[in-house]
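Visitor: I have not looked at this one before. Can we go through the aromatic rings together?
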Amino acid sequence: MQKSISVIDLGAISRNVTYIKSLLGGAKFYAVVKADAYGHGAERVSAHIERLVDGFCVAITEEGAALRVAGITKPVLVLTPLTSRDDALAAEFYNLTVTVNGAQSARLAGGLNCHIKVNTGMNRYGCPLCELPAVLSAAEGCGARVEGVYSHLYCAHIQKERERQLKLFKEAARAVKAAYPRAFCHISATAGALLGGEYLMDGVRCGIGMYGYAPCGFPRGELRGALKVYARRVQTSAFVPRGAGYGVAQKDYKSLSAYRLGYAEGFSRTVPLGEGNLCMDAFVSEDNRDFIEVFSDADEYAKRCGTISYEALCSVTRRSERVYIS
């Protein structure tokens, strides 16, 4: 095998889910498995935790279809609003719940289960509160089945901002529940789940916490990372000329080993894993073990890269052979 190896601890993921659920006081738990479960493998992760969760969230229709093909039967909410009739037909075929963000997408959702996305300040997806009556009217007129309403906290660690958003969302939730009393109202991802209280609403959509990490401004607490990545040694050179990967060697080496992992695997070219910059498919190191661990903590690696754990997790399993343990 020439691929890097990603070891994914399914047991850690299920323990993280159980821990977060213990904070919810009976509110529903939707597992966010978009972007291939943040690089952990959506189908395998979803199958492992399906008994623990109330439903799943994905980014696009194709991700939801893949879960259905893999045998997932619980509700799957597609977070990107409908943009075409083709999306609607696929959602109908695979029994997916769609997102509506305006009157036009509400009309596309005729005959489908849907959640209305309300923009409370993030300005990504969602209708403003002033358009909500028109969205509800369009949904009723075309026979869309409104099952929920939701929004998203953009600065959950800043009290003033999250409180302002929660106030707006409560207003939207009242309007939707007036027409659909059983509508499922949700505004929180992992951060809101950790905040608790009013932010729990009817349930939460939890992503990063499942994989062992916390959002900006929140402690990890009992959450445990589930992913480690290893590189395989391919060659050891006893005679070392003046190079160290793409770069002039800054010291003398007794030997250098080449490991089969590079920036095409999603690792940052300018963050050393050994000597010199990463190549596209390999890096060199003074280590001579057959396998070395190159990634075990997304927070630590993200800090070195100047990014966040979310991006690190989504990136570093490209071209990896996934090995699941539980």
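Guide: This is a predicted model. A search of the whole structure finds eight aromatic pairs.

Visitor: How are the rings of Tyr259 and Phe283 arranged, then?
Guide: Their centres are 5.5 Å apart and their planes are at 15°, so the pair is stacked. Planes under 30 degrees apart count as stacked.

Visitor: Where in the chain are those two?
Guide: Tyr259 is in strand S11, residues 256–259. Phe283 is in strand S12, residues 283–285.

Visitor: Tyr259, buried or exposed?
Guide: Tyr259 has 0% relative accessibility, so it counts as buried. Phe283 is buried too, with a relative accessible area of 2%.

Visitor: OK, another pair. What about Phe267 and Phe295?
Guide: The ring centres of Phe267 and Phe295 are 6.3 Å apart with the planes at 85°, so this pair is edge-to-face. For that label the planes must be over 60 degrees apart.

Visitor: And where do Phe267 and Phe295 sit?
Guide: Phe267 is in the loop between S11 and S12, while Phe295 is in strand S13, residues 291–295. This pair also links distant parts of the chain, at 28 residues apart. Both Phe267 and Phe295 are buried.

Visitor: Which residues do ring pairs link into a cluster?
Guide: Tyr38, Tyr211 and Tyr310 are linked that way.

Visitor: Changing topic: what lies over the face of Phe184?
Guide: Lys28 does, at 5.4 Å from the ring centre.

Methods
Residues numbered from 1 in each chain as written. Predicted model: local features only at pLDDT ≥ 70, side-chain atom pairs only at ≥ 80, totals over all residues. Heavy atoms only, no water. Phe/Tyr/Trp six-rings, centres within 6.5 Å; stacked < 30°, edge-to-face > 60°. Helix = DSSP H or I, 4+ residues; strand = E, 2+ residues; numbered from the N terminus. Buried < 20%, exposed > 50% of the residue type's maximum accessible area, 1.4 Å probe, protein only. Lys NZ or Arg CZ within 6 Å of the ring centre and 35° of its normal.
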